[in-house]
Amino acid sequence: MRYLKKSIIFTLPIILLLSCVVYNFTGGNVGEAKTFKVNYFQNYATQSPGSTFEPGVDRDFTLALQDRILNQTSLDLISSGNPDLLYEGEITEYKISPMSATAAQTAAQNRLSVRVKVRFYNQLKEDAAFDQSFSFFYDYPADTQLASIKSEAHEIIFERLTQDIFNASLADW
């Protein structure tokens with residue numbers, strides 16, 4: 001019995017340490033990949049009916065996606081060459097729509113919607129590639145100007161979009 005206690009006390013920490021090496025707490029499974037690249041997401045929102053052009057949203061989204069992957073994986077971001085993982089696409093919608101009406105039949109709430117089309121390529125696992133659209137929204141009071149809530153709205157929308165893209169490309173559950 002004494003030998004059993006000592007062996008459990010000795011082996012339990014080793015097992016716990018080894019299990020942490022195998023498990024990635026962020027949920028990203030990069031496999032053998034070492035590098036990634038996020039090509040600049042062009043803003044083609046004006047080609048979608050009802051969408052408007054928002055200057056800088058393309059740059060901000062591209063940086064948000066790069067940051068998400070850098071913060072949740074051990075991958076190295078490269079700007080040229082052939083990466084193991086490549087993300088590219090475009091912003092296809094940036095639209096403000098009325099969501100609910102008041103008794104006076106005016107908008108009580110508006111919704112900012114952003115849609116991005118993403119093409120993902122995995123050079124090491126070609127069957128993991130996809131071409132898919134992702135969208136999310138932010139609701140705000142109709143009497144509020146977009147300019148006053150834009151940075152908060154973008155932060156919330158980009159947080160969700162980048163997490164969804166990350167999950168689709170690297171979460172191997």
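**Salt bridges and a bent helix**

Hi everyone, let's start with R59, which counts as partly exposed at 45% relative accessibility. Keep in mind that this is a predicted model. R59 forms a salt bridge with D60, and their closest N and O atoms are 2.6 Å apart. D60 is partly exposed too, with a relative accessible area of 28%.

In one, R119 pairs with E90, with 3.1 Å between the closest N and O atoms. R119 sits in strand β5 (residues 107–122) and E90 in strand β4 (residues 85–101), so this pair ties together parts that are 29 residues apart in sequence. E90 counts as buried, at 13% relative accessibility. There is also a network here: salt bridges link E88, E90 and R119.

In the other, D131 and K117 form a salt bridge, the closest N and O atoms being 3.0 Å apart. D131 belongs to strand β6 (residues 130–141) and K117 to β5, so parts 14 residues apart in sequence are tied together. Both ends are partly exposed: D131 at 47% and K117 at 27%.

Now for helix α3, residues 146–170. Its 25 residues reach 33 Å from first C-alpha to last, close to the 36 Å expected. The helix bends by about 35° at E152. Which residues of α3 are buried? Among them are I149, A153, I157, L161 and I165. Residues three or four places apart in an α-helix point the same way, because there are 3.6 residues a turn.

Conventions
Residues numbered from 1 in each chain as written. Predicted model: local features only at pLDDT ≥ 70, side-chain atom pairs only at ≥ 80, totals over all residues. Heavy atoms only, no water. Helix = DSSP H or I, 4+ residues; strand = E, 2+ residues; numbered from the N terminus. Expected span 1.5 Å × (residues − 1). Bend = angle between axes of the 7 residues up to and from the residue. Buried < 20%, exposed > 50% of the residue type's maximum accessible area, 1.4 Å probe, protein only. Salt bridge = Lys/Arg side-chain N within 4 Å of Asp/Glu carboxyl O.
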